[in-house]
Amino acid sequence: MTERDDRSSRSRRPRRTARGAVAIAIAAVLGMTTAACGTKDDAGRVPSLGATPATAATPSSAFAAPAVAARGAAWLPPGAGDGDWLMPSRDYAGTRYSPLTEITTGNAAQLQLAWTFDDGESHYGHEMTPLVANNTMYIVSPFPNRAFALDLTKPGAPVKWKYEPNPSPIAIGKACCDAVNRGAALYDGKLIYNLLDDHTVAVDAATGKELWRTKLANVEDGTTMTMAPLVADGKVYVGNSGGEMGVAGWLAALDANSGKELWRAYSVGSDSLVRIGAEFKPFYAWMRGKDLGATTWPAGAWKHGAGAPWGWVTYDPELKQIFYGTSNTGPWNADQRPGLNLWTSGVFARNAADGMARWAFVFTPHNEWDYDGVNENILVDLPVNGQTRKVMVQFNRNGFAYTIDRTTGEVLVAKPFGHENWASGIDPKTAMPIVNADKHTVPPGRWVRDICPADIGVKDFEPSAFSPRTGLFYVTVQNICMDYKGRETGYIAGTPYWGAQMTRHVGPGGNYGEFVAFDAATGKKVWGIPEPFLTYSGALVTAGDVAFYGTVDGWFRAVDARSGKVLWSRKLGSGIIGAPMSYRGPDGHQYVAIAAGVGGGAMTTASQPGFPARGSTYYVFTLGQNVPATTPSTAGEQSGAPKKEGGKP
Amino acid sequence: MTTTDSTSARTTAARAAALAVALLGCAAVALASLGGCRADTQDVRGGAVGDRTLPQRQAGPAKAADTTGLPNEGILANVAIGDIAGVGNNTLDATIRNPYVGDMAAIKEGHDLFVGMNCAGCHGYDLKGGMGPDLTDTYWRYGGSPADIYKSVFEGRPQGMPAWGRSIPPALVWKVVAYIQSKGGAYPAALADRGRQGDLGDEDTTSFGTLKGRNNP
Amino acid sequence: MSAGRRRVGRLTTGALLSTALAACNGTTSYLDATGSAGRAEGTLGWWLTVVASVVVLFVCVAVLAGVARHRGERNAPTRDAADEPGDEGAGAHRREVRSGLGWIYVGLAVTVVVLLVTFAGTMVTLNAASHPPRTPALTMDVIGHQWWWEVRYGDPAHPDFAFTTANEVHLPVGEPVRVRLHSADVIHSFWLPQIAGKTDVIPGQVNETWLEARQPGTSRGMCAEYCGLQHAVMALAVTAESPAEFARWAQSRRAPAAAPTAPEAQAGQVVFARTCGVCHAVAGTNALGRLGPDLTHLASRPTIGAGMLANTPTNLASWITNAPGLKEGARMPAIPLDGDQLRAVVAYLRTLR
């Protein structure tokens, strides 16, 4: 398996190198010229893969070669080079780790704005990650879910094509938390994404022509779709949203070529609906039994019990297994659904081919606080208690970071990664939370004060990043609490099946946000950067050991992934709730892109003084000397670098 | 009184006797009545009463309870249900008065409906908005006179507002509107035209105290 | 003379009237108690009645005897005689008053004993009635609405047990049931006369009581609150049955409603979900409103309108189209369904067994 040469907390990764494969892929996809990189430090060189060349530019020579990024091409969508970003998390493991090394801790302070783009949909939050392949950036706007292809080979990245799917406006009023979209996936020359009105579309990535469109549900009933699909092995995995609208959650697999639905696995209901069969072996006894998705509910209540997989799907190409979380339990008012309410607020591991469940785990049984289980499940190999385990790590809304054996579903580590006071811990035997008696929201109709975290959790959907170089997870943590009052609610199709009244307030210390580096093998926070405003953006970490994140008041920051020192900050036009990504441009340089358009769950803190207005702008940054020359005088002043063609190859 | 002593004594005796008889009588009757009730069955009032009160016209809509002071909804109730967007097409007679305005019982019922129909899920338990718009400000995308609000509730609106006219009788819609009005969530019919144009200013919002204008928080 | 007779007449009429108004219905007779608390309280009631009757009888006899004995003595004027010392008549009178004082002591003693005994008996009985004999396994949340009862069963040890029904209570014989009383609007008073005494239902607080049936049978529960439009027509169908039968009933109540098979009933389900479902729930369907009673197993309930009408198709139809006309103050509006829709909805409701 791996040599565990050093027991220090920082170098415990198994390593499987496949740099060659990645390099070939890059060469094939990009056909780069390397000449332009000559004046910059070594980290900018094209063949710089993983961490190897970065040793010179970073103080990280003590750290060994990467594990995850070097796992092999199977962990990346087909055709992805190291400068590409074909899916929101870049790789199937969900790491959001870029192997590019031009931007380092040493030069990140020189980041400059390269260009911007506005999709014009400032009404709604921008939660997506831009994608890049073939020198084209792909962006999907929030409702009305327009797709834009931006030509990176031309100055200012003009629009190459625009695709307007025209979803039904009814969907706006059925989306609980803003008419958002979390991005698309590039696969086999197609841009595949979900429309808010419950369609999945595939668009020709070269021309913007619609290839197929599949209707998956009725938006009038309260179902919407906001998640970014995961596409692997010819299958598109999509899930629904609507945990506040009384839906039954499902994840469907579509054929990537035709859009035809192959199977659909519900999160609630009988074993046949949930696709539970002989293969299903949950680790804990309380999850074993027949038809638990229906019998752990009052009569028929599972039909509106939510468990919508509106978050992220990750894929282990070795186990041929997909992982995804299920949303909160519906309605929020737990008094109306006595029972464990399986399989909501949990995670499924399924056979990627036929969708049959292999194991499941429920983080928050009988969820009384809207702690969804949809957050990303990052697949890494970590040494836990001296033994390298194949794990998935989820920073759950309920405030605990779960390190789970992804082959069995056994919880190895479950420790708080932010401020929570609703549970005193996780029972080591059953892995159930030990709930503090004064934080139960049942019986309803009374205010329960100061429950931490609030409904949006210690972390919401905003995806974390993992660096195989540091072995750390980079997480935007929320410090928000709530006063909660359960309310009776009835299900009326197309209206909220919600049943809660809340006021939210900042947690101890008065800072809403924090950017945290977390060691999931031991369950310990390594460092944190407090932020007065919510941190609701995704994270990015690069092989240059620079981590990126944004704040809800619009600061976009680059920090040293090892020390947590802020290297660079830039205030953007609106709050940041999207996830940053990094790509190599046609000029051979490394760029970082981020959307600024506050909305979504971040609006829970909109009454905070200084909260920004909404926006819809994408910002792209690169090192100052690489900024394409727009006015020659400025470019000349900025750096002594030789005048290049500046993005006009 | 001019009665003699003897008659007075006699009267006293007679009164005492009568009282005693009455008391005993009471006790006896009470005991007899309580003891004698055991044979009756439960739904004396059930079948008999119920079957006698069958309405003559089962097929037609029963208007009995809905005719109390309701305006003729005519046009309102017959508008096709669905996504009728656009203030520009609003030919509604904004002067139609809500028959329940200020009726405390109706407002309470309107509140129960507002919560029970999950209006609160979108517009908030405090009507301050959430998934749906704030109902306590002066900005009404489709007009904020009581009749405008009725129309929005009845017909639904494009961005997810259900058409409640399909589900509940007009009287209940008016009660919901009465509740919204009681929370300051409407402007007077006289200002409907200006309201639709977004022309309501501070002087207007302060002139009718129900609205929470900027000068009247 | 005539005044006395008039009084007698009035009192008698009153007694008879109150008897008539008591809706002389055996299944609401608290004297015919079948519940643990009800029986104890019934026995207490009988004893208090007997004691009170004996006292009344004794007083009546004593008063009559006194009147008869002194009838002749009052013929002479007494005011002056009483003022003259040494007068024979006056001396006899004083003696009599003295011996009479002795009777007062006797009377006082008897009264004190009777009061103490009845007080002690009452306290012991009420104390016993206020606590269940053992910790109840079942919990029932009863919510008073204008004008109907919502009843939720739960078992803290078995969260999956929970189910909701309306205007009906089933009790396993011999098992105490904890009852938590809530009000959704105004003050109500929960009373199952045959099972236990009444407990007020107060908005904003949870009152607790308990029930235990001692023998199988059906009876009628009611709202014993006086002030308000329809507390009087706010009844519960009470069924006490063996634990096994109760378990079967509970099992059936936990099951979702069976999907209708007949085309008319299927059409009715669609109408129901769109119209009735805003307020009413049928578990396992899209109709899960919570403003009105849960109708999941409506067809198996004996009455509709909270004990107002027998559960017949014609009554259902008339209730749907004109509930406020039948029961003034009912929150259910008159639903303007056309004939086909109405027939379909009634057909659907009849399938909800």
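Good morning. I begin with the interface: 13 residues of chain B are in contact with 14 residues of chain A, two residues being in contact if their C-beta atoms, placed from the backbone, lie within 7 Å. On the side of chain B that touches chain A, the classes are seven nonpolar, six polar and no charged residues. Here Ala, Val, Leu, Ile, Met, Phe, Trp, Tyr, Cys and Pro count as nonpolar, Asp, Glu, Lys and Arg as charged, and the others, Gly among them, as polar.

This is a predicted model, in which local features need pLDDT of at least 70 and side-chain atom pairs count only at pLDDT 80 or more, while totals for chains, interfaces and linings use all residues. Residues are numbered from 1 along each chain as its sequence is written, and chains are lettered from A and ligands numbered from 1 in the order in which they are written.

Next, confidence in chain A. Its mean pLDDT (the predictor's confidence in each residue, from 0 to 100) is 88, and 86% of the residues of chain A reach 70 or more. Over residues 1-69 of chain A, however, the pLDDT is below 50, and this stretch has 147 contacts in the model beyond near neighbours in sequence. Residues 633-649 of chain A also stay under 50, with 21 contacts beyond four places in sequence.

Strands pair if DSSP finds at least two bridges between them. Helices (H or I, at least four residues) and strands (E, at least two) are DSSP runs, numbered from the N terminus. A:V203 stands opposite A:E210 in β10(A). Five residues lie between the two strands, and A:G208 in the turn has a positive phi of about 85°.

I turn to chain B. How do helix α6 (residues 146-155) and helix α7 (residues 170-182) of chain B pack? Their angle is about 125°, with the axes 9 Å apart. Axes are lines fitted to C-alpha atoms, for helices over the stretch in contact, and angles run from 0 to 180 degrees between N-to-C directions. α6(B) and α7(B) are therefore oblique to each other; angles under 35 degrees count as roughly parallel, over 145 as roughly antiparallel, 65 to 115 as roughly perpendicular and the rest as oblique. Among the residues that meet are B:I149 and B:Y150 in α6(B) and B:W174 and B:V177 in α7(B). This contact has 10 nonpolar, one polar and no charged residues.

In chain C, helix α7 (residues 313-326) and helix α8 (residues 339-350) pack at about 125°, with their axes 10 Å apart. That angle makes α7(C) oblique to α8(C). Among the residues in contact are C:L316 and C:I320 in α7(C) and C:V345 and C:R350 in α8(C). By class, the contact has eight nonpolar, one polar and one charged residues.

Finally, the sheet of chain C. Five strands form an open sheet with mixed pairing, in the order β4-β10-β9-β6-β7. β4 (168-172) and β7 (196-201) of chain C stand at the edges with a single partner strand each, so one side of each has no neighbour in the sheet. β4(C) pairs with β10 (residues 236-241) of chain C in the parallel sense over five bridges, and C:L171 has C:A240 in β10(C) as its bridge partner. Helix α5 (residues 243-254) of chain C lies across β4 and β10 of chain C, running at about 140° to β4(C).
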